[in-house]
Amino acid sequence: MKIFGIIGNPVEHSLSPLMHNSAFKYLNIDATYFKFKVDFEKLKYAVLGADSLGFCGLNVTVPFKEEAINYTNPDKLAEQIGAINTIKFGKKIEGFNTDAIGAFMALKEITEIKDRNILILGAGGAAKAIAYALSKYARIFIANRTFKKGSDLAKKVGGESIKLEEVFNIIKSVDILINATTVGLNEDKSLLYHEDLHKDLIVFDLVYSPVKTRLLKEAEMVGAKTLNGIKMLLYQGAASFEIWTGIKAPISIMEDAISRFFDPVY
Ligand code: ATR
């Protein structure tokens, strides 16, 4: 049996096992996908250990996407982004980033991206992938708690950085707001509240636990269009699946598995 998994901390909320195991079952692939909670200082051993134990692939989630790249041979895209969310084990430990394509596909389903003003909250692994993907088409603003990290990312993608507490200065001209921080993950918190938002915004939260985060609730209060993190989860997962197996991912099967999780009567 082939072993796959996800490493992160926290990781309990991850729906990746459900999604990938449903795909393996549907395609009769003898494989299983597990979740592994890893301490930050043991990340290296987790990656090298998985390789030694003959694992086939791993997803990498918070807060390891930037650090984990150091234990892989990243492809060109992952190297340019500076973060990975997918590892393939074989002759080499290969690193990939499917967050960029996942976020892009999810967003483009609901809105035009070209020439939009996009404000990204965060400058971690996920934010780096999204900023990279969207900066080719749109104008990017980055607001991050650690300002230096935000300004470094903005510089890299040709965008502008602003202080988190000064977001209100530009929010009127923002078309798409993306939360790429971990704020709101398993907690009823948000970096922005309804008084900071407006109805013409599209608000995209990468967090999908809970599916309707506090930020998305606040956005709904002002009549803004919202996008939760499920579609990005799905598209990045499908791209990882294809890297590992070389087989086209059964997206509708993976999506059904997630839908059934949220609505057992589905
Ligand atoms: P991911 O893989 O999801 O990108 P990450 O790399 O750990 O996770 O990045 C987490 C992001 O959330 C960072 O931008 C972090 O800000 P810092 O660079 O200042 O650490 C942001 N973040 C986490 N907790 C936060 C909080 N309480 N307030 C504001 N930003 C926060």
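Two strands are taken to pair if DSSP finds at least two bridges between them. Helices (H or I, at least four residues) and strands (E, at least two) are DSSP runs, numbered from the N terminus. The structure is a predicted model, in which local features need pLDDT of at least 70 and side-chain atom pairs count only at pLDDT 80 or more, while totals for chains, interfaces and linings use all residues. Residues are numbered from 1 along each chain as its sequence is written, and side-chain values use heavy atoms, with hydrogens and water left out.

An open sheet is formed by 6 strands in the order β2-β1-β3-β5-β6-β4, with mixed pairing. β2 and β4 (73-74) stand at the edges with a single partner strand each, so one side of each has no neighbour in the sheet. Within this sheet, β1 and β3 are paired in the parallel sense over 4 bridges. G57 in β3 is the bridge partner of F4, and L58 in β3 stands opposite G5. β3 also runs antiparallel to strand β5 (residues 86-89), to which 3 bridges join it; here L58 stands opposite I87.

In a regular strand, side chains alternate between the two faces of the sheet. In β3, G57 and N59 point one way and L58 and V60 the other way, and all are buried (buried means under 20% relative accessible area, exposed over 50%, and partly exposed in between, with a 1.4 Å probe and protein chains only).

Helix α2 (residues 43-52) has L43, V47 and A50 as its buried residues. Viewed down the axis of α2, these fall within an arc of 65°, so they line one face of the helix; the arc is that of the directions from the helix axis to the C-beta atoms. Y45 and S52, on the other side of α2, are exposed. The buried residues of α2 pack against β1, β3, β5 and β6 (93-96), where contact means heavy atoms within 4.5 Å. Just after α2, G54 adopts a positive phi of about 85°.

In helix α1 (residues 16-26), the buried residues are S16, P17, M19, H20, S22, A23 and F24. Their cover includes β1 (2-8), β2 (31-37), β3 (57-60), α8 (230-245) and α9. N28, which follows α1, likewise has a positive phi, near 55°.
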